[in-house]
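Hello,

Here is the structure I promised to pass on.

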Amino acid sequence: MRIKTNPIRGGFIRNVFWSNLLIEDAAKNFGIEIATDYGDPNPSCPGSVEAPVDMKNFVYNNITGINITKGLRFFGMDNDEIEGLFLNDVNIDVVTTDYDCQFVHGSFNDLSPNPSGECPELLSEDLDCMDTASEVATGNLLNGVLIGLVAGIGL
């Protein structure tokens, strides 16, 4: 499960809710990834100018990964941080306990493997994020994906 963009592409990705999913045999990529450093500038856009990347409010609920080569990657940038990440009941069976976290703010409840030490940006059991997850699930917040023209989501 990949959500990706970069400062040259710009755009925004907000209010993403993933629930009740099974990921199997992800040999090449991370089981779950949100990245603001994806790819090269678009060659058809000469004179690349950086555009803001706005990424916030991601909920992963009841996600299972089986035979995953790499774990989780949440990679924001200094001026384009990933905000409002919440992982609840996420269990990834990884070959390597591999976390890559940078410029991300979020929390988790029942996350395996536990990111302690490898991803200090994620805090255990933040009630505000749990309330947000509940609001998204019940439709009190926008339940969907808003994507800027040049940002992308891929599996």
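Predicted model: local features only at pLDDT ≥ 70, side-chain atom pairs only at ≥ 80, totals over all residues.

Cys-119 is bonded to Cys-101 in a disulfide, with 1.8 Å from S to S. The structure holds one disulfide, and it links distant parts of the chain: Cys-101 sits in strand 7 (residues 99–102), while Cys-119 belongs to the loop between strand 8 (104–112) and strand 9 (122–124), 18 residues apart. The link of Cys-101 and Cys-119 is left-handed, with -100 degrees about the S-S bond. Cys-101 is buried as well, at a relative accessible area of 14%.

Now the overall picture. The protein has one helix and eleven strands. Reading from the N terminus, the order is β-β-β-β-β-β-β-β-β-α-β-β. Of its 155 residues, 40% count as buried. If you take the contacts between residues at least 6 apart in sequence, 74% of them join residues at least 24 apart.

Then there are the charged pairs: the structure holds six salt bridges. Arg-73 takes part in one with Glu-33, where the closest N and O atoms are 2.9 Å apart. Arg-73 is in strand 5 (residues 70–75) and Glu-33 in strand 3 (residues 30–35), so this pair ties together parts 40 residues apart in sequence. Arg-73 is buried, with a relative accessible area of 11%, and Glu-33 is buried too, at 8%.

Arg-73 also meets Asp-37 in a salt bridge, at 2.7 Å from N to O. Since Asp-37 lies in the loop between strand 3 and strand 4 (53–68) and Arg-73 in strand 5, that pair ties together parts 36 residues apart in sequence. Asp-37 itself is partly exposed, with a relative accessible area of 27%.

Another salt bridge joins Asp-54 and Lys-56, whose closest N and O atoms are 3.8 Å apart. Asp-54 is partly exposed at 22% relative accessibility, and Lys-56 is partly exposed at 29%. As for shared partners, salt bridges join Arg-2, Glu-33, Asp-37, Arg-73 and Asp-100 into one network.

Best wishes

Conventions
Residues numbered from 1 in each chain as written. Heavy atoms only, no water. Helix = DSSP H or I, 4+ residues; strand = E, 2+ residues; numbered from the N terminus. Buried < 20%, exposed > 50% of the residue type's maximum accessible area, 1.4 Å probe, protein only. Contact = heavy atoms within 4.5 Å. Disulfide = S-S within 2.5 Å. Salt bridge = Lys/Arg side-chain N within 4 Å of Asp/Glu carboxyl O.
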